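I want to look up how its parts are arranged before I write anything about single residues.

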Amino acid sequence: MTYVVTAPPQDRAVREGDPATVRDDGAAQLLVGSAQAAGELGLTRGELARAVQLGIVRAGPPTTGGAARFARAELARVRAAAEGPPDALRRLVETVAGAQAAAEVLGVGPSRFTRLARCGHFIPVGYRINRYRAVVWLYLAAELREFADREPDMLRRRASAQDRDLLAAKGDLRPRTWRGRHVGLLLRRTADPWARAAVLAGVLPEDELREAVPDPAERTVLAALAPPPPYGHPQVPAAAAVAEGLLRAGPPDEVHWYRSSLEFALAGARGQSKSTGERGPT
């Protein structure tokens, strides 16, 4: 879908909530801000942000200040697609924070839930950093309920040998599985080859990125196209420093996978630039 934003009046900036229009296949549509869009969908603004993250709701072009806006046609599409009870959409984006709350959804103890989560059986959808600078993982309640229905025996039986080995080695797959989910969701939201490369570049440690992309001009392009931090990323410096560690690949095989993916994506982006003269160095 291609959007072309109509220019706002020159004597005022577009503020969140101000109506604006976009062109979608030649038809004018109204854009509304996050607060209004959330209200029309029966969500809080946080729930709307999660729906956008998950690809359930597609955001329109942002304001000049970067605030999200939504086309009324998109809100109508989402309402029409929501099946079931009135709170069906809210149930899709409902999250629980931490092992205690997640374990209650599953009907197990928090220690069992933590073991299963560390072994990768549940993929976090987000995180918070608490006042002790500890990571509190967020999980989709709908996915937890689905797992309980699909794998009831796993909630009761002894851990598998593979899981026991991982736990004995003090392994924890939650950061890695969250990164995989986060990157996948970002890649689904863009077809632009340079933007896709920027998503992959953002996961690599700085030294790996410099080796993979030795051209400073290309690194500048990738930095300019980097997606914003995920919803819930803390602003307090001490907490933000902890969260920054979650954004970067850690194990060598994970780093290698993202680096190889970046190199492949860059090959396609460079090819596009040479053929079209569009974004990025040639």
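The entries below go from the whole chain to the sheet, the cores, a helix pair and a few single residues.

**Ground rules.** I note that this is a predicted model, in which local features need pLDDT of at least 70 and side-chain atom pairs count only at pLDDT 80 or more, while totals for chains, interfaces and linings use all residues. Residues are numbered from 1 along each chain as its sequence is written, and side-chain values use heavy atoms, with hydrogens and water left out.

**Whole chain.** I looked up the secondary structure and found 14 helices and seven strands in the chain; helices (H or I, at least four residues) and strands (E, at least two) are DSSP runs, numbered from the N terminus. Of the 282 residues, 39% count as buried, where buried means under 20% relative accessible area, exposed means over 50%, and partly exposed lies in between (1.4 Å probe, protein chains only). I also looked at contacts, meaning heavy atoms within 4.5 Å: among those between residues at least 6 apart in sequence, 66% join residues at least 24 apart.

**The sheet.** In what order do the three strands of the open sheet lie? I read the order as β5-β7-β6, with antiparallel pairing; two strands pair if DSSP finds at least two bridges between them. The edge strands are β5 (95-97) and β6, each of which pairs on one side only, and the twist averages 25° from one strand to the next. β5 is joined to β7 by three bridges, and on this side I found threonine 95 opposite leucine 140 in β7. β6 is joined to β7 by four bridges, and here tyrosine 127 has tryptophan 137 of β7 as its bridge partner. I then noted that α7 lies across β5 and β7 and runs at about 65° to β7.

**The hairpin turn.** β6 and β7 form a hairpin with five residues between them. Arginine 133, in the loop between these two strands, has a positive phi of about 65° although it is not a glycine. Arginine 133 is exposed, with a relative accessible area of 54%. I found another non-glycine residue with a positive phi, lysine 170, at about 60°; lysine 170 sits in the loop between α8 (161-168) and α9 and, at 70% relative accessibility, counts as exposed.

**The cores.** I next looked for nonpolar cores, each a set of buried Ala, Val, Leu, Ile, Met, Phe, Trp, Tyr and Cys residues joined through side-chain atoms within 4.5 Å. Which members of the largest nonpolar core touch the most other members? Of its 24 residues, they are Leu106, Phe113, Phe122, Tyr127, Tyr139, Leu144 and Leu155. The elements that give two or more residues to this core are α5 (98-106), α6 (110-118), β6 (126-129), β7 (135-140), α7 (141-150) and α13. Leaving out residues up to four places away in sequence, leucine 106 touches Phe113, Phe122, Leu144, Ala148 and Leu155. Apart from this core lies another, of 23 residues, among them Ala197, Leu209, Leu262 and Ala269.

**A helix pair.** At what angle do α9 (residues 174-188) and α13 (residues 237-247) pack? The angle is about 70°, with the axes 9 Å apart; axes are lines fitted to C-alpha atoms, for helices over the stretch in contact, and angles run from 0 to 180 degrees between N-to-C directions. The two helices are therefore roughly perpendicular, the word used for 65 to 115 degrees. I list the contact as Pro175, Trp178 and Arg179 of α9 with Gly245, Leu246 and Leu247 of α13.

**Two buried residues.** Leucine 185, found in helix α9, counts as buried at 8% relative accessibility. How many residues apart in sequence are leucine 185 and glutamine 53? They are 132 residues apart in sequence, yet 6.9 Å apart in space, C-alpha to C-alpha. Beyond residues up to four places away in sequence, leucine 185 touches Gln53 and Leu54.

Technical notes. Angles under 35 degrees count as roughly parallel, over 145 as roughly antiparallel, 65 to 115 as roughly perpendicular and the rest as oblique.
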